[in-house]
Amino acid sequence: MARAKKNNAIDIGGETIQAGEHASLELEMARLYTHAPLNVSIEVLNGKLEGPILLVCAAIHGDELNGIEIVRQILAKVDTEKLRGTLIAIPVVNVFGFIHKSRYLPDRRDLNRSFPGSERGSIAGRMAYQLFNEVISQCTHVIDLHTAAIHRTNLPQIRANLDNEGAAEMAKAFAAPVMVDAALRDGSLRAEAEAIGIPVITYEAGEALRFEPYAINAGVRGVIRVMRHLGMLRQSRRALPYQPVTARATRWVRAEADGIFRSHIALGERVTKGQILGIISDPAGSNEVEIKASQSGILIGQQTLPVVNEGDAVFHIAFFSQSDELIEQHLEGYLDQVRDDQDDELRWGIGTL
Ligand SMILES: [Zn+2]
């Protein structure tokens, strides 16, 4: 590593954090009906030596909780004394949604469609504006932590604009089992930060309103690997456990009837064209309708709620250039590893995940 210069102080929300300091800040985003301020808690670990300024944030969708625990574990692992550059960690961005266990803000707006925001806009616009101007615009890199939307679950995956060199490098270093080259959506943190030259990757894993050890563990490992890759933490001698694979396309399979839904496959499994992925029936079991795969691929997301309406997106299938058998083996190995490595502190579920 080249000799680094002494790090600069950083200003956030009117406070100055000197090189070598770890500060816990409260940034006022908006006001409640009671006129009480609504603050977002921000941890700033400003290393002594100059380096990248990385934002790791979670719960932009207020019900997506796995990322909160990922941030907590990262903060417990990173020592400001040994850090090169600056880590800005926000465990809960959408405090409103978080309080209501909801993806949205009170006006049903999606904070992740409201960037770069507006100083005089609605709550979503003003929160986005504060975050964008006080924090994001100062960063050199961003990792945005998500889960699937409510009643769905995702295989751990990185979504990024892989044509952006900085984002592609972070995505590879993160080494989630699957990378999806995802289009930028207007108003998302990812699109608007990239528009001002800041590469962003989005980690998606597990479901909303849960703590899922495998998804959390994979996320913590991934963020640490990115920090090592960026030179913020000392390099590890351990080689990457596997090379992530990139999906060339993905597609949702939709329900063709209304009713009670039973899934026949799990995340990471291979599906073949014509395979029955699930069944929809009446509550008592009559009028069964099969949901069949129209193409072969790998299941990277699915609905977890056992009731569906016709047209609901129920299975998210990814397509790869490599053979599906190879991909399935790769994912099995990966999932075994994150289950084995998981922190004993988290013991949710029935012991298989
Ligand atoms: Zn989300």
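Me: Buried means under 20% relative accessible area, exposed means over 50%, and partly exposed is what lies in between; with that in hand, why is L209 called partly exposed in this predicted model?

Reply: L209 has a relative accessibility of 28%, and this value falls between the cut-offs of 20% and 50%, so L209 counts as partly exposed. The residue sits in the loop between β10 (200-207) and α6, where its phi is near 60°, a positive value in a residue other than glycine.

Me: What makes K101 exposed?

Reply: The relative accessible area of K101 is 59%, and since exposed means over 50%, K101 is therefore exposed. K101 belongs to the loop between α2 and α3, and its phi, near 55°, is again a positive value in a residue other than glycine.

Me: How do you know that the peptide bond from F115 to P116 is cis?

Reply: The omega of the bond from F115 to P116 is near 0°, and the bond is cis. P116 itself is placed in the loop between α2 (95-99) and α3 (123-134).

Me: What makes M227 count as buried, and which residues does M227 touch?

Reply: With 0% relative accessibility, M227 is under the 20% limit and so counts as buried. M227 is part of helix α6 and, not counting residues up to four places away in sequence, touches L54, V78, L83, L87, M232 and L233. Its C-alpha atom is 9.3 Å from that of R84, a residue 143 positions away in sequence.

Me: Why is H316 called buried, and where does H316 lie?

Reply: H316 has a relative accessible area of 6%, and as buried means under 20%, H316 is therefore buried. The residue lies in strand β18 (residues 313-320), and apart from neighbours within four places in sequence, H316 is in contact with R159, T250, R251, W252, I298, L299, I300 and G301.

Me: What makes E15 partly exposed, and how do you know which residues E15 touches?

Reply: The relative accessible area of E15 is 41%, which falls between 20% and 50%, so E15 is partly exposed. Contact means heavy atoms within 4.5 Å, and on that basis E15 touches I10 and L25, not counting residues up to four places away in sequence. E15 has its place in strand β2 (residues 15-17), and its C-alpha atom is separated by 8.1 Å from that of L25, which is 10 residues away along the chain.

Me: How do you know whether the chain as a whole is compact or extended for its length?

Reply: The chain's secondary structure comes to seven helices and 18 strands. Its radius of gyration is 21 Å, close to the 20 Å that the globule rule gives for 353 residues, so the chain is as compact as a globular protein of that length. The C-alpha atoms fill a box of roughly 65 × 55 × 40 Å along the principal axes, and buried residues make up 54% of the 353 residues.

Me: What share of the contacts joins residues at least 24 apart, and how many positive and negative side chains does the chain have?

Reply: Among contacts between residues at least 6 apart in sequence, 70% join residues at least 24 apart. The chain has 37 positive and 45 negative side chains, and the centres of the two sets lie 4 Å apart. Its accessible surface comes to about 16,400 Å², of which 46% belongs to carbon and sulfur atoms.

Key. Residues are numbered from 1 along each chain as its sequence is written. This is a predicted model: local features need pLDDT of at least 70, side-chain atom pairs count only at pLDDT 80 or more; totals for chains, interfaces and linings use all residues. Side-chain values use heavy atoms; hydrogens and water are left out. Helices (H or I, at least four residues) and strands (E, at least two) are DSSP runs, numbered from the N terminus. The radius of gyration is taken over C-alpha atoms; the globule rule is 2.2 Å times the number of residues to the power 0.38. Buried means under 20% relative accessible area, exposed over 50%, partly exposed in between (1.4 Å probe, protein chains only). Accessible areas come from the Shrake-Rupley method with a 1.4 Å probe; for residues, only the protein chains shown count as cover. Lys and Arg count as positive and Asp and Glu as negative; His and the chain ends are not counted. The place of a charge is taken as NZ of Lys, CZ of Arg, CG of Asp or CD of Glu.
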